[in-house]
Amino acid sequence: MDIEENDGNIVLDMFLQVMGYPANRAVIHFVNEENETFASMNCLLDYRWGNRGPGYWESLQTLPVPLWGQWYHLQVILDRDSKQIRYIVDGIDSGWLETKLAWEYVTALDLRGNLYYPAVSRYDNIIIATYDES
């Protein structure tokens with residue numbers, strides 16, 4: 001899904017449902033002005049939510065364990081000044097985290113399963129907006 005270049009903070013607000021076997025996963029990628037994925041999160045059924053930091057996948061232990069067929073209210077906030085990301089699942093906040101790569105603009109959003117362990121994922125009420133903390 002292409003989005004207009006944005007020089008402010010971005011919030012992705014949507015509902016997500018994942019179905020499959022344990023460890024099957026849904027993945028969300030944010031793409032920068034260089035057409036590179038600079039931020040990623042994944043949802044592993046029956047295990048955890050994860051964030052792709054610089055060189056590693058980080059388990060988000062504070063978020064609820066993703067269960068088969070359950071709808072989750074997911075909010076992803078990208079802060080352009082700090083180059084950080086945070087995830088809020090059903091009102092539970094991960095706190096600010098590092099992104100995989102540097103970025104100036106968010107140019108696209110990619111919603112998909114994993115190549116090796118794909119899950120069936122459904123998305124509803126997708127809203128992409130600018131975000132102002134003040």
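Because the model is predicted, local features need pLDDT of at least 70 and side-chain atom pairs count only at pLDDT 80 or more, while totals for chains, interfaces and linings use all residues. Residues are numbered from 1 along each chain as its sequence is written, and side-chain values use heavy atoms, with hydrogens and water left out.

T99 sits in the loop between β10 (97–98) and β11 (106–113); strands here are DSSP runs of E with at least two residues, numbered from the N terminus. With a relative accessible area of 7%, T99 is buried, a term for values under 20%, where exposed means over 50% and partly exposed lies in between (1.4 Å probe, protein chains only). The T99 side chain makes two polar contacts to backbone oxygens, that of L101 at 3.0 Å and that of K83 at 3.4 Å. A polar contact is a pair of N or O atoms within 3.5 Å; within protein, one must be able to donate a hydrogen and the other to accept it, and residues adjacent in sequence count only if both atoms are side-chain atoms. Apart from neighbours within four places in sequence, T99 is in contact (heavy atoms within 4.5 Å) with F38, A39, R52, G53, P54, K83, Q84 and I85.

In one of them, K83 pairs with E104, the closest N and O atoms being 4.0 Å apart. K83 is in the loop between β7 and β8 and E104 in the loop between β10 and β11, so the pair ties together parts 21 residues apart in sequence. K83 is partly exposed at 23% relative accessibility, and E104 is partly exposed too, at 32%.

R80 counts as buried, at 15% relative accessibility. The remaining salt bridge joins D93 to R86 at 2.4 Å between the closest N and O atoms; D93 is partly exposed at 30%, whereas R86 is buried at 14%. Through shared partners, R80, K83 and E104 form one network.

Strands β5 (residues 48–53) and β6 (residues 56–59) pair in the antiparallel sense over 4 bridges, where pairing requires at least two DSSP bridges between strands. G50 has S59 as its bridge partner in β6. The hairpin has 2 residues between its strands, and G55 in the turn has a positive phi of about 90°.

The largest pocket holds about 230 Å³ of space. On a 1 Å grid over the protein atoms alone, a pocket is an open set of points where a 1.4 Å probe fits, with protein on both sides within 12 Å along at least five of seven lines; lining residues have an atom within 4 Å of a point. Its volume is the space filled by probe spheres set on the points, which are joined across faces, edges and corners. The lining comprises 15 residues, of which V27, H29, W57, R112 and N114 lie nearest the centre. β3 (25–32), β4 (37–44), β5 and β11 each give two or more residues to this lining.

Terms used
Salt bridge = Lys/Arg side-chain N within 4 Å of Asp/Glu carboxyl O.
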